[in-house]
Amino acid sequence: FRARARASIRFPPVTERGRHAGTMPVMLERLTSIDISVLHGIQNALQSPVLDTVMPFVTSLGNLAFIWFVIAALLLSKKEYRFYGAVVITAIAAACLIGEIGIKNIVERPRPFLVDPTLATQLIELPHTFSFPSGHTGSSFAAATALCFLPMAHPWFKAIPLLGAASIAFSRLYLCVHYPSDVLGGIIVGVISGLIGMLVVKYLV
């Protein structure tokens, strides 16, 4: 059972919401309208008690890039993999600087549930930060891209971190805390950050 915008839900203060939908630039307003339609489509097609249980757990793995820092720590614990552990951490830091500190505070896009309260969920705590780009997606794809540089026995193993990142990204859509375009933006930021992480560590080592 998915609880929707009720009186008990506490929305972020107006000062933290960014520009209201009514004052959005025309192009962003049109994009937001399409994004919201996609989110409703996801809910209508996929919402279920099972996913209501699974998706909050999946999204929690991306909280503060938790799962990726765990993987980085494991790599750092092995001398032969320390370089790649450093790449993962640097990539996540780059994604945070570019996406969370930079772009989010420039674009100031309000979250979907602030534009359409029917998208509000009680499955997780509602975020108070701006929406574009998705931070969970950015850090996840930054780490996954960095992990693709890791030597693996079989090339297809590289798909595992990418699938993990994609799962976390999808969880943000299922929970309606990000627009599809936020997630796309997060993927772009993440891939670029992963490449930056490799270049920076390679230069410093």
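Mentor: The lining of the second largest pocket draws at least two residues from each of α2, α3 (66-76) and α7. The model is a predicted one, in which local features need pLDDT of at least 70 and side-chain atom pairs count only at pLDDT 80 or more, while totals for chains, interfaces and linings use all residues. Residues are numbered from 1 along each chain as its sequence is written, and side-chain values use heavy atoms, with hydrogens and water left out.

Helices here are DSSP runs of H or I with at least four residues, strands are runs of E with at least two, and both are numbered from the N terminus. On that basis the protein has eight helices and zero strands, in the order α-α-α-α-α-α-α-α along the sequence.

The second largest pocket holds about 150 Å³ of space. A pocket is an open set of points on a 1 Å grid over the protein atoms alone where a 1.4 Å probe fits, with protein on both sides within 12 Å along at least five of seven lines; lining residues have an atom within 4 Å of a point. Points are joined across faces, edges and corners, and the volume is the space filled by probe spheres set on them.

The residues that line the second largest pocket are Val-58, Leu-61, Ile-67, Trp-68, Ile-71, Ile-160, Pro-161, Gly-164, Ser-167 and Ile-168. Helix α7 makes the greatest contribution to this lining, with five residues. By class, eight of the lining residues are nonpolar, two are polar and none is charged; Ala, Val, Leu, Ile, Met, Phe, Trp, Tyr, Cys and Pro count as nonpolar, Asp, Glu, Lys and Arg as charged, and the others, Gly among them, as polar.

Rings of Phe, Tyr and Trp (its six-membered ring) pair if their centres lie within 6.5 Å, with planes under 30 degrees apart counted as stacked, over 60 as edge-to-face and the rest as tilted. Trp-156 is exposed at 56% relative accessibility, whereas Phe-157 is partly exposed at 26%. For Phe-170 and Tyr-174, the ring centres are 6.4 Å apart and the planes stand at 45°, so this pair is tilted. These two residues are four apart in helix α7 (residues 159-174), which puts about one helical turn between Phe-170 and Tyr-174. An α-helix has 3.6 residues a turn, so residues three or four places apart point the same way. Phe-170 is partly exposed, at 27% relative accessibility, but Tyr-174 is buried at 0%. Buried means under 20% relative accessible area and exposed over 50%, with partly exposed in between (1.4 Å probe, protein chains only).

Beyond α7, Cys-176 lies in the loop between α7 and α8 (180-204). Cys-176 is not a glycine, yet its phi is positive, at about 60°. With 0% relative accessibility, Cys-176 too counts as buried. Most residues other than glycine have a negative phi, and most peptide bonds are trans. Glu-108 also has a positive phi, near 55°; its place is the loop between α4 (82-107) and α5, and it is partly exposed at 29% relative accessibility.

For comparison, the largest pocket has a volume of about 570 Å³ and is lined by 31 residues, with Gly-62, Asn-63, Leu-64, Glu-100 and His-136 nearest its centre. Its lining takes at least two residues from each of α2 (49-61), α4, α6 and α8, and α4 gives the most, with six. That lining comprises 12 nonpolar, 14 polar and five charged residues. Helix α6, one of these contributors, has 12 of its 13 residues buried, so the rest of the structure largely encloses it. His-136 is among the buried residues of α6.
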